[in-house]
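Hi there,

Here is the structure I promised to pass on to you.

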Amino acid sequence: MPRPEHRSITFTIDGREVQAPENTILVDAAKLGDVEIPVFCYEPKLGQPVGACRMCLVEIEGIPKLQTGCSTPVKDGMVVHTQTARVKEAQAAVVEFLLINHPLDCPVCDKGGECPLQDISYGWGGGTTRFIEPKRHFVKPLELSPLIAIDRERCILCYRCVRFSQEVSEDYQLVLHERGAATFVGTFDGHPYVAPFSGNIIELCPVGALTSRPYRFRARPWDIEGSGSVCTLCPAQCNVSFTVRDERVLRVLARQNDGVDDGWLCDKGRFAYQSVHSDERVTQPLLRDGGELRPVSWERALATAAGLLKKAGAGVAGLAGGESTNEEGFLLQRLIREVLGSSHVDAAGVDPVDLWSLARPDLQASLQDVEYAHTVLVLGTEPVDDMPILDLRIRKGVRRNRVKLAVATARPSSLDASAALSVRYAPGGEGAFVTALTAAVYGGDVDAPAAAAGADVDAIRTLAELLRTGGGDDDNRAPGDVVIVWGTRLLGADGGAVTPALLKLASGLALTGRDGGGLLAVPASTNERGLLEAGVAPGLAPGFGDTGAAGESYAEAGIARALRDGDLTALYLLHDDPILSRPDAVGWDRALEKATTVVAHAQFLTAGLREHATVVFPAESYAEKEGTVTHPDGRVQRLRPAIGRQGQTRPEWWVLSELSRRLGADMGILTGAMASRQLFDAVPFYAGLTLDRIGGRGVRWPADPAAAAAFPPPPEVRRDVAYETTATPNGALRLGTFRSIWAGIEVELSPALTFLTPRQQVEMAPADARRLGVAHGDKVVVAGDGASLEATVVLRNAASPGSVFLQTGIQTDAANGLDAALVEIHKA
């Protein structure tokens, strides 16, 4: 569905002439004339209004009865009154009615001081009550979930929380029970409300009925400060506001940016802030002494690290994790290349030319394109796990704008129920599947690659037909606006075949240079795109320039192999532990064991760093950082520090600059802003960027014609790359992997989220479980290529027989410890 086009109209409100887009809801249009209409139930993010609270009653000339401003679209010539005696009497009556059963406990209510009901009672209420009967009472507070407390006496039945559950997140857990004055909010079956986005109902609640259990009674509004920044816990990069008291983060709220997050947060982004103040934080430099990491002074840590790096010289490799900022990645590659003379630096772990080719500005779709496209294809990614807010954006497009959704994944998706078509392929068949789909669109051999991918040929042809005609003109078969949401993990699985096939598919669907359509990557880590553009890639300088030297790449596990073989001797880790975050954990463990020097920046000591690190510098949390990150759709966003650095922590840009100075090369950086300036000057398509211009909303550079023109054309991608054939089970099971939304040490170390810490589970089809003699919940051993791990069986009806799926990114029994395409399963 194309974006709606509005013509401007003029209406009158309280004697003022106001111009507004036609059909804008009156409550919103009134703000353009500096007129406030009070509301409780209305929230534009929730979709169509319900007119439940009646607080927004206004008088419209020509209509005898009072009308709800939240459900009335403005029309040209409309005359509205909000200050007449009828309106004031009606609004005062609504306030009085709402306060009949509402407890007057503002002094002890967490919402006190930032409560819409308080504000509206003072502004539009009568100030007195005629009600002398006893108020209703409920047991309070109740645990709606481990994260949310509910005080049912305070609830004004605005429906916001229920509508969010049913119409936005679509988890359908919250309902209204009973009738009349006995009505209350609860879950349908009485179970705790546990869902990826449940915390949003706390912010939506206009009274103190729903409160955050971690924040409850921690502070009052006059004790706190708000600080805007960006969440870097996943690639969604949601805009957030930290609630700070006495240099401690006490709460995280959404900071609405329609181009990024639509004003929502996942529960990981909302509650994982507690890890910032965890006792497990590394807050002072550590140096290995006597086989153990011990606290040392900054001077000793820097001197030791500089000496070891100087000794290793060109034998150093640098790896940047996804939570690194653009500036940190830029300085890391300068340290490795310019100062130490090495060419070995990487971040994404796949062929950077593939990412470069697929990141062309003329191919990029924006996040907002997803909700207005005619057709959206989700390819090789699970948005709710990999980029959670994207999941809500896709659901919004399907629900409100009739977007036709197709899902093509190896693992069953949470979006299957909303999709017009879902297609499965076998793990490892990514390249063959995209090749088959491209052939179905263009015309060519579909059967062979479909068979190699373990996919249904008819389903692929149906998907191709949907992409060609979905939402377009059915008479001339013209394609509509298509957005392909694809996971960059596809490139690690079979990138050589995926990239040319995906480029050909985009060309066949006429997505090149098309407004409203294109490709939207879902990265494997938070700032994967920004680090690539900053030059943290083998053989590529900042801005995709040529370094003249081809370094070893994660794509072939080259750095790990070189460390094991002794060709490299030192490793610099910036927010990364490859044993935990990369494939082949066993190979990386051996590589780190062979390395003579491992220098790391880390917030927490993982098992790999505790075992292998030589020097550990304390790293800033995302609440303490300054710098920039780049959203998957090309929007450069700014991080601002909300609190002081914990303990002896110093900024990463300073550590990298200081090490360079001690190694004889002064980078000329004295502040974080100077590091940003050097980055912007080094990347051609960042020209003209400043921190002030980026501001609080970010700058999406692919939408700037001048910046897009400065993007260097990628080299020609080979078109004749053969796809891989999926492994033949022969009684075993194909192994696929996924990373849960809850994976990450921040979840484990946040007391509120500890109950969500993922444990290893093996997802399989019921038919495979019956064949193996196992049931849902059984403990099993999964083995392949001489390695094994323990897991709990989880049955999924939509799973394809012959394939199983294990989790990566967890601390114990992670799937990357099995370097096998086929596995065998037996009871523990």
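**What I found**

Let's start with R270, which sits in helix α6 (residues 267-271). Keep in mind throughout that this is a predicted model. R270 has a relative accessible area of 4%, so it counts as buried, the cut-off being under 20%. Which residues does R270 touch, leaving aside its neighbours within four places in sequence? They are G199, N200, E203, V252, L253 and L265.

**Another arginine**

R216 is in the loop that runs between β10 (210-212) and β11 (225-230). This residue is buried too, but it has no salt bridge. How far away is the nearest side chain of opposite charge? That side chain belongs to D151, and the distance is 5.2 Å. Not counting residues up to four places away in sequence, R216 is in contact with D110, P141, A149 and T211.

One of those contacts, P141, is worth a click of its own. The peptide bond leading from K140 into P141 is cis, and its omega is near -15°. You'll find P141 in the loop between α3 (116-124) and β6 (142-143). As for α3 itself, its buried residues are L117, Q118, I120 and S121. Among the things covering them is α2 (85-99).

D34 is not a glycine, yet its phi is positive, near 60°. Its place is in the loop between α1 (26-31) and β3 (57-60). Is D34 buried or exposed? D34 has a relative accessible area of 66%, and exposed means over 50%, so it is exposed.

E247 isn't a glycine either, and its phi is also positive, at about 60°. This residue lies in the loop between β12 (239-245) and β13 (248-254). Its relative accessibility is 46%, so E247 counts as partly exposed.

**A pair to find**

A767 belongs to helix α27 (residues 766-772). With a relative accessibility of 36%, A767 counts as partly exposed. Now find P801, which is 34 residues away from A767 along the chain. The C-alpha atoms of the two are separated by 6.5 Å.

**Empty space inside**

Rolling a probe the size of a water molecule over the atoms shows where empty space is left. How many cavities of 30 Å³ or more are there? The count is 5.

The largest cavity holds about 150 Å³ of space. Its lining is made up of 15 residues, and those nearest its centre are L355, A359, T488, A521 and R529. At least two lining residues come from each of α9 (352-358), β22 (518-522) and α17 (528-533). Of these, α17 gives the most, with 4 residues. By class, the lining has 10 nonpolar, 2 polar and 3 charged residues.

The second largest cavity has about 110 Å³ of space. It is lined by 16 residues, with C155, C158, C161, C205 and L210 nearest its centre. Helix α4 (residues 160-168) supplies the largest share of that lining, 3 residues. Here the lining has 15 nonpolar residues, no polar ones and 1 charged.

Finally, go to the second largest pocket, with about 1,200 Å³ of space. The elements giving two or more residues to its lining are α1, α4, α10 (369-372) and α12 (388-401). What does α12 contribute? It gives the most, with 7 residues. In total, 35 residues line the pocket, and P44, G47, Y372, K396 and R400 are the ones nearest its centre. By class, the lining divides into 13 nonpolar, 9 polar and 13 charged residues.

That's my list, so over to you!

Key: Residues numbered from 1 in each chain as written. Predicted model: local features only at pLDDT ≥ 70, side-chain atom pairs only at ≥ 80, totals over all residues. Heavy atoms only, no water. Buried < 20%, exposed > 50% of the residue type's maximum accessible area, 1.4 Å probe, protein only. Lys, Arg positive; Asp, Glu negative; His and termini not counted. Salt bridge = Lys/Arg side-chain N within 4 Å of Asp/Glu carboxyl O. Contact = heavy atoms within 4.5 Å. 1 Å grid on protein atoms, 1.4 Å probe; cavity = no way out; pocket = protein on both sides within 12 Å on 5 of 7 lines; lining within 4 Å. Points joined across faces, edges and corners; volume = space filled by probe spheres on them. Nonpolar A, V, L, I, M, F, W, Y, C, P; charged D, E, K, R; others polar.
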